[in-house]
Amino acid sequence: MSKTKNKSDNKTEKALAAEKEQFGKQQLHSISKAVTTAETPPKDKHVRNIIMGTHKEGGATAFWSYVLNLPLSSNSIVSWKFCYLVHKILRDGHRNVVTDSYRYCRNVKDMGTLWGNLHDRYGHIVALSSKYLCQKMEFHKKVITHNFSVTLEQRYIFTVEANQAKSTTPAGQCRLMPLIPLIQDCSFLYHFCVRLLFKLHSRISPDVLLGHRDRFRDLFMSLTQFFDKAREMEFFKTFIQIPDLPDAPPNFLRAAALAEYKKPVVVTPNEEHHEEEEDVEPQPEFREASQMPQVWYIVVRGYGTLKFHQEMENDSLKRELDVLKPELQIFKNEAQRCVTELKSQVNRLQAEVEEQRTHKQMAMVENEHLRMEVEALRSTNVANIGAQIGFKEADGESSDVNLFVNGKTFLKSVSQSGTQLNNTLAGLQVEKEGLLRMMREQEAELKTLRQQTHLQQSSLDQLAQKLQEEQFCLLQCAVVEAEGIILDAVAKLDDPIHVRCISSPDYLVNRAEITLNSIDKMQQSHSAYLGNSNDASGLLRAVTQFSHLAADTIVNGSATSHSAPVDQANYLTDSCRDCANHCLHFLKDLKIQASLQRADPSAIRYTVQRILAVGQDLRPKGHDVLKEELGSMVDKEMLATSSAIEEAVLRMDEILSQAKKDNTGVKLEVNQNILGSCSDLMKAVHMLVTAATDLQKDIVEGGRGAATVTEFYAKNSRWTEGLISASKAVGWGATQLLDSADRVVGEKGTYEELIACSHEIAASTAQLVAASKVKADRNNKKLNTLQQASRHVNDMAAVVVTSTKHGQQQISDHGLMDFSGMSLIKLKKEEMEAQVR
């Protein structure tokens with residue numbers, strides 16, 4: 001039984017080995033047929049066999065094991081077809097192809113670098129294709145950057161055109177075939193960017209995404225040009241249907257534009273178009289980071305925690321800087337440690353060198369002493385021998401013989417002593433040469449260590465310079481964003497739509513005071529950055545906060561001027577313009593390295609102080625009233641306003657009745673329309689004041705607690721004063737409208753004056769509603785009634801303006817032709833007045 005099972009297993013292993021060998025032969029055959037040196041496009045059946053092989057194998061290991069043996073670095077056509085095959089298996093192969101291919105990405109990069117430096121008709125486009133494939137694999141490995149888009153593809157097609165690819169020839173088709181999967185990638189990336197931007201605009205303020213819309217506009221124009229160029233070639237009409245993009249990019253500011261957007265679909269023969277990506281909705285938290293570019297992922301995850309909105313480039317650069325800072329610190333610590341070790345080693349070697357020098361000097365001195373002693377000894381011995389010979393000259397021959405023998409013996413001993421001294425001197429000389437050699441070696445080692453120290457210091461200097469440049473780049477990005485905020489605020493000064501916006505002097509004073517504090521912080525941060533250019537974080541925060549507050553002051557200053565007297569309004573508007581100009585000049589100095597040192601916000605502080613002074617002058621003059629009197633003043637002022645409006649309504653009816661008696665024809669019709677609309681406006685204002693009074697009573701009862709009404713008003717004196725001021729403005733506006741209507745009917749006033757009064761009433765009621773909403777509960781039904789009454793007032797004010805302009809046109813066109821009911825004398829009188837006019 002066991003033997004039978006072993007035989008079955010052996011047969012199975014042999015069958016699997018044979019099948020694997022057959023699969024390898026088929027893959028090698030398809031690859032060799034697809035990647036040839038002939039300048040013809042690869043056949044579809046071979047490409048299809050290779051793709052099916054990745055699904056059968058469950059990856060691309062076999063593919064890469066065969067293609068790496070191809071002559072990629074020596075034949076540009078083989079490299080070009082190889083890039084096409086890699087692109088196809090990345091798109092249509094097994095899902096493990098990306099992981100397997102990423103391990104061999106270095107070969108693709110090396111091939112692109114090699115051919116990018118050669119002057120070959122395929123060299124440049126092979127380099128571009130290799131760069132594109134590497135970015136595509138990095139995209140799937142979650143390491144994509146925001147420049148992976150249309151730029152590379154557009155250069156790609158232009159390069160092909162420069163090579164004059166003829167789609168009717170095999171050589172032209174060989175160059176154009178790889179563009180088909182490239183167009184398919186472009187279409188999906190464009191569709192995904194559009195859906196992602198719509199999702200971002202539904203969750204983030206449009207002002208924050210201004211830079212994204214500008215970059216998408218550039219991407220849209222590049223992709224349109226790319227598709228148009230490709231669509232003109234006959235080759236693509238046979239193999240692929242390129243979609244038409246709209247004439248303009250989608251309007252992301254309008255949410256309904258998403259329903260009008262149509263996905264660009266690339267259609268190829270014999271392939272089904274899958275729509276599963278249509279349902280892809282970018283979520284705030286993606287399941288895989290590879291589903292979108294890193295720059296968009298940072299925007300979605302980062303902007304929810306920012307205190308002030310900044311452009312995505314600032315956030316991306318900050319994140320990169322945060323990543324670089326630990327590495328830079330590690331480099332600094334390692335370099336400092338190396339420098340410390342090198343310095344200690346240098347000091348040790350220098351001490352050893354000094355010690356060797358001392359030994360050398362001592363040896364030389366000792367050598368000299370020995371030499372002098374030998375010379376002295378020789379001189380003494382010679383003198384003694386001579387003296388002994390002189391003393392014994394008188395002796396006989398025997399004496400001479402003895403003296404000779406003794407002298408010879410003595411000279412022999414002296415010679416032996418000299419030989420010993422010479423040997424000692426030779427040993428000292430050898431030792432001296434050894435010490436000199438050791439000293440030279442140590443000096444060479446010391447020189448090497450000094451060079452290494454110098455290199456380490458240069459590396460540290462380069463890293464510090466890079467850090468300073470990155471910090472200044474971040475500062476420039478923040479300044480550009482701040483300039484955009486200031487310019488947007490300046491644009492509102494001349495915007496007709498902003499004319500109807502009104503702000504209170506109290507709020508303007510509050511904004512100006514906070515802006516002055518931000519100027520002081522920015523000046524301190526500027527000084528700190530000049531002292532340490534390695535850290536610009538404090539100045540970045542200060543500039544961002546200052547730009548928002550300064551823009552807020554400019555906008556609210558302009559809104560406050562709309563309800564101020566003419567002289568103060570003009571002065572306030574000029575001060576806001578001066579403030580904006582000084583802000584832009586200061587930011588310009590911060591943005592340029594040469595002028596960064598002299599950037600000074602003193603002029604900004606002066607103009608903001610002017611705005612603050614005007615706002616304080618425009619405050620209501622009731623501050624000297626005792627707080628105990630505020631409660632009674634509110635009731636009196638609201639009652640007086642209501643009475644004034646009721647009286648104005650009755651007076652308006654009287655004016656209308658009198659106009660019916662005094663006028664006929666077209667003039668009667670015009671006056672009836674104008675006075676009727678003015679009467680409706682008065683009634684709407686009366687309803688508004690009544691609703692505001694009811695809401696005010698609810699606010700007092702709900703907020704005073706155990707305190708009295710007077711104590712509540714005294715505690716909230718600022719709100720009370722605003723309510724009184726708004727009520728006075730409404731009563732004054734109603735009186736002015738009544739007087740203007742009376743003068744217009746009596747032909748003593750102008751239609752423009754009546755239109756201005758209508759606008760003033762609308763603004764005053766808006767101020768009253770704003771003052772009431774400050775303390776009101778959002779769920780209060782009376783607040784809803786007040787808001788409906790406010791909208792009704794605005795509608796009636798618009799009716800007054802429309803009827804006044806229409807009546808003015810009627811009087812201008814038909815006034816001279818209305819002769820009904822006129823006597824001859826009155827007709828002559830009208831004719832003379834017309835001639836005088």
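Colleague: Where do I start, and how many helices and strands does the protein chain have?

Modeller: The secondary structure of this predicted chain comes to 27 helices and 0 strands. Of the 837 residues in the protein chain, 42% are buried. Among contacts with a separation of 6 or more, 78% are between residues 24 or more positions apart.

Colleague: How many residues of H18 are buried? And how many of H7?

Modeller: In H18, 18 of the 25 residues are buried, so this helix is largely enclosed by the rest of the structure. H7 is mostly covered, with 15 of its 18 residues buried.

Colleague: Now helix pairs. What describes two packed helices?

Modeller: Two packed helices are described by the angle between their axes and the distance between the axes. Take H18 and helix H19, residues 566-591: their axes come within 8 Å and cross at roughly 165°. An angle over 145 degrees counts as roughly antiparallel, and H18 and H19 are therefore roughly antiparallel to each other. Their crossing is left-handed.

Colleague: Which residues make the contact between H18 and H19?

Modeller: On the H18 side they are Val-543, Phe-546, Ala-550, Ile-554, Gly-557, Ser-558, Thr-560 and Ser-561. On the H19 side they include Ala-569, Leu-572, Thr-573, Cys-576, Cys-579, Ala-580 and Cys-583. By class, the contact has 12 nonpolar, 5 polar and no charged residues.

Colleague: What is the angle between H17 and H20, and how far apart are their axes?

Modeller: Helix H17, residues 505-531, and helix H20, residues 602-617, pack at an angle of about 160°, with their axes 8 Å apart. That makes H17 roughly antiparallel to H20. H17 passes H20 in a left-handed crossing. Glu-513 and Asp-520 of H17 and Arg-605 of H20 are among the residues in contact. By class, this contact has 10 nonpolar, 5 polar and 3 charged residues.

Colleague: And how do the axes of H10 and H11 cross?

Modeller: Helix H11 is residues 210-231, and its axis comes within 11 Å of the H10 axis, crossing at roughly 155°. H10 and H11 are therefore roughly antiparallel to each other, and the crossing is left-handed. In H10, residues including Leu-182, Tyr-190, Leu-197 and His-201 meet residues of H11 that include Arg-213, Phe-216, Phe-220 and Phe-227. The contact has 14 nonpolar, 3 polar and 1 charged residues.

Colleague: His-201 is in that list. Is His-201 buried or exposed?

Modeller: With a relative accessible area of 12%, His-201 is buried, the cut-off being under 20%. His-201 lies in H10, residues 179-201. Leaving out residues up to four places away in sequence, it touches Pro-206, Leu-209, Arg-213, Phe-252 and Leu-253.

Colleague: How accessible is His-29?

Modeller: His-29 is in helix H1, residues 2-34. At 43% relative accessibility, His-29 counts as partly exposed. His-29 and Asn-49 are 20 residues apart in sequence, and their C-alpha atoms are 9.8 Å apart in space.

Colleague: One last case. How far apart in sequence and in space are Met-438 and Gln-356?

Modeller: Met-438 and Gln-356 are 82 residues apart in sequence and 8.5 Å apart, C-alpha to C-alpha. Met-438 lies in helix H16, residues 397-493, and is partly exposed at a relative accessible area of 36%. Glu-352 is 86 residues from Met-438 along the chain, with 9.9 Å between their C-alpha atoms. Glu-352 is in helix H15, residues 312-391, and is partly exposed, at 29%.

Notes:
Residues are numbered from 1 along each chain as its sequence is written. This is a predicted model: local features need pLDDT of at least 70, side-chain atom pairs count only at pLDDT 80 or more; totals for chains, interfaces and linings use all residues. Side-chain values use heavy atoms; hydrogens and water are left out. Buried means under 20% relative accessible area, exposed over 50%, partly exposed in between (1.4 Å probe, protein chains only). Helices (H or I, at least four residues) and strands (E, at least two) are DSSP runs, numbered from the N terminus. Axes are lines fitted to C-alpha atoms, for helices over the stretch in contact, and angles run from 0 to 180 degrees between N-to-C directions. Angles under 35 degrees count as roughly parallel, over 145 as roughly antiparallel, 65 to 115 as roughly perpendicular and the rest as oblique. A crossing is left-handed if the near helix is turned anticlockwise from the far one by less than a right angle, and right-handed if clockwise. Contact means heavy atoms within 4.5 Å. Ala, Val, Leu, Ile, Met, Phe, Trp, Tyr, Cys and Pro count as nonpolar, Asp, Glu, Lys and Arg as charged, and the others, Gly among them, as polar.
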